[in-house]
Amino acid sequence: MAAVEQIGDPQPLSGRRRGRPPATDSADTRQAILEAARALFAERGYGAVTNKDVASAAGITTGALYHYVESKLDLYAEVDRDMQRTIYRRFQDAVVSSDTFLGKLTAVLEAAHQMGIEDPSLAGFVGAVRTDARRHPEIDERLSRYAEAREQFFVDIVDAGLSTGEIAPAHKPEMVEFVRTVLVGLTETVGMSAEQHRRAVDAVTGLLRGTIFTPLD
């Protein structure tokens, strides 16, 4: 699934920036900035967060922040790139665990559930991006470059079902939309407890396996 590797390819924050960060701890500082910014954007949204807020949360001065990032929009894009890379690498690891459509989708849903437990700010930022992109066109424009790679990830899962016979070719478009809706919805777990998310994942997989619903028609 080569397309997944294109999502959020890492680019050091300092590569295009003013000056140079301290040589000994630049990688640690970069990660601290990304994690602090992700948590703040997830909690407050793009408009309510300042670079001063991020610097304070990361334990650096605002001046030091500008060694790594030129603007808040630039920082937001870097946080999104890091988030996409984190999520879709975990998803890629999950899909290789099975050769079937149902096996791949189930593994990805389990990965989403585990990530939500490990780091709620990931799911929070996913939700914030959708709201922020509607409110701030510059965000939507900057982040749109990753849409094609994400789309291919959904298509690849469905194509696995076509190859195994689980999905009829005529139903590929509907199944791509189904996979997108399920994965996007269950990656954004804002407002859901771990128990609620667990039940939602189990409901989706149970429906697909035919174990929790019997149609009357």
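1. First, a term: on a 1 Å grid over the protein atoms alone, a cavity is a set of points where a 1.4 Å probe fits but cannot get out. Volumes here are the space filled by probe spheres set on the points, with grid points joined across faces, edges and corners. With that in hand, searching the whole structure turns up two cavities of 30 Å³ or more.

2. Quick housekeeping: this is a predicted model, so local features need pLDDT of at least 70 and side-chain atom pairs count only at pLDDT 80 or more, while totals for chains, interfaces and linings use all residues. Numbering runs from 1 along each chain as its sequence is written, and side-chain values use heavy atoms, leaving out hydrogens and water.

3. The largest cavity holds about 50 Å³. Its lining (residues with an atom within 4 Å of a point) is Ile-87, Ala-112, Met-115, Gly-116, Leu-122, Ala-123 and Thr-187. Helix α6 (101–118) and helix α7 (120–135) each supply at least two of the lining residues, and α6 gives the most, with three. Helices here are DSSP runs (H or I, at least four residues), numbered from the N terminus. By class, you get five nonpolar, two polar and no charged residues; Gly counts as polar in this scheme.

4. Now the largest pocket, at about 550 Å³. A pocket is an open set with protein on both sides within 12 Å along at least five of seven lines. Of its 23 lining residues, Gln-84, Val-129, Arg-130, Arg-150 and Val-184 are the closest to the centre. Helix α5 gives the most to this lining, with six residues.

5. Have a look at α3 (residues 51–58), where Asn-51, Val-54, Ala-55 and Ala-58 are buried (under 20% relative accessible area with a 1.4 Å probe, protein chains only; exposed is over 50%). These four sit on the same side of α3 because they cover an arc of only 100° around the axis, taken from the directions from the helix axis to the C-beta atoms. Lys-52 and Ser-56, on the other side, are exposed. The buried set packs against α2 (26–44), α4 (62–65) and α5 (72–95), with contact meaning heavy atoms within 4.5 Å. Just after α3, Gly-59 has a positive phi of about 80°.

6. Last, α11: the buried residues of α11 are His-197, Val-201, Val-204, Thr-205 and Gly-206, and they pack against α6 and α10 (172–187). Gly-210 follows α11 with a positive phi, near 75°.
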